[in-house]
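Subject: Structure handover

Hello,

Here is the structure I said I would pass on. My notes follow below it.

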Amino acid sequence: MKKWQWIIASVLFFTILGFNTFGDITVKRTIKRVVYSSEDLIFMRAVLSDIAFPENKQVTVNATPDESIEQLLAYAMIERYNDGFLLSYEEPLLLKALYDGLIVFTGHTKYNGKTISIIYEDGTTVTMGYVDQLSVLPYMPVSKGEVIAVKEKGKLYIQIEKDGEVYNIEQTTKWLKEQHT
């Protein structure tokens, strides 16, 4: 990043930190809502992208089929688990970003072990748990096809959410298949 970008990011960080530390409860709730809302994260990413890259660059994309979604569709069994589903795999797989997006969580959760959540530019949030190795850090932007995690054989937790609605089994399998076409 350029020096001016670091300055803007630092000022924004210290402003939010100051309000969160010394502000009243209303300000803290507002900050929490803004920071944890997927719509706001997508909006902030778009604004920061416009600031960082003001000119419209046209990017050529290679339209070859993505083997990562084929691997994701090769589950042996699917079963309900908490708010999402467990997909069983006989082979290890690389978990890749299906679109450009932003990593919003990487860490360990009580029910899903090592977990990663990504918000794609269309507002879809995909959470994957029981991964074996994380390849990215929180709040990192990722590009389509970038490896975000590795899953050895076994069960992978997946939860898909869009517009505040958690997908059921039919919507989840349909969404996975739509990514293949």
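I began with strand pairing. Strand 3 and strand 9, the latter covering residues 147-151, run antiparallel and are joined by 4 bridges. One point to look at is Lys96, which stands opposite Val147 in strand 9. Please keep in mind throughout that this is a predicted model.

These two strands belong to an open sheet of 3 strands, in the order 3-9-7, with antiparallel pairing. Its edges are strand 3 (93-96) and strand 7 (133-134), each of which pairs on one side only.

Strand 10 has several pairings of its own:

- Strand 2 (residues 84-89) pairs with strand 10 (residues 154-162) in the antiparallel sense, over 5 bridges. Within this pairing, Ser88 has Lys155 in strand 10 as its bridge partner.
- Glu161 stands opposite Val166 in strand 11.

Strand 10 and strand 11 form a hairpin with 2 residues between the strands, and Asp163 in that hairpin takes a positive phi near 55 degrees.

Two tyrosines also have a positive phi. For Tyr130 the value is near 65 degrees, in a residue other than glycine. Tyr130 sits in the loop between strand 6 and strand 7, and its relative accessibility is 26%, so it counts as partly exposed. For Tyr139, phi is likewise positive and near 65 degrees. Tyr139 is in the loop between strand 7 and strand 8 (141-142). Its relative accessibility is 43%, and Tyr139 therefore counts as partly exposed.

Which residues touch the most other members of the largest nonpolar core? That core has 25 residues, and the ones in question are Leu95, Val126, Met128, Ile148, Ile158 and Trp175. The elements that give two or more residues to this core are strand 2, strand 3, strand 5 (113-120), strand 6, strand 9, strand 10 and helix 5 (169-180).

Leaving aside neighbours within four places in sequence, Leu95 is in contact with Leu72, Met128, Val131, Glu146, Val147, Ile148, Ala149, Lys151 and Leu156. Among these contacts, Met128 and Ile148 are also on the list of core residues that touch the most other members.

Is Thr106 buried or exposed? Thr106 is found in strand 4 (residues 101-109). Its relative accessibility is 16%, and the cut-off for buried is under 20%, so Thr106 counts as buried. Not counting residues up to four places away in sequence, Thr106 touches Thr115, Ile116, Leu134, Val136, Leu137 and Pro138.

Last, the surface. Phe13, Phe14 and Leu17 make a nonpolar surface patch of about 320 Å². Phe13 lies in helix 1 (residues 3-22). With a relative accessible area of 48%, Phe13 is partly exposed.

Regards

Methods:
Residues are numbered from 1 along each chain as its sequence is written. This is a predicted model: local features need pLDDT of at least 70, side-chain atom pairs count only at pLDDT 80 or more; totals for chains, interfaces and linings use all residues. Side-chain values use heavy atoms; hydrogens and water are left out. Two strands pair if DSSP finds at least two bridges between them. Buried means under 20% relative accessible area, exposed over 50%, partly exposed in between (1.4 Å probe, protein chains only). Contact means heavy atoms within 4.5 Å. Patches are made of residues with over 30% relative accessible area and no salt bridge: like charges are joined within 9 Å, nonpolar side chains (Val, Leu, Ile, Met, Phe, Trp, Tyr) within 5 Å. Accessible areas come from the Shrake-Rupley method with a 1.4 Å probe; for residues, only the protein chains shown count as cover. A salt bridge is a side-chain nitrogen of Lys or Arg within 4 Å of a carboxyl oxygen of Asp or Glu. A nonpolar core is a set of buried Ala, Val, Leu, Ile, Met, Phe, Trp, Tyr and Cys residues joined through side-chain atoms within 4.5 Å.
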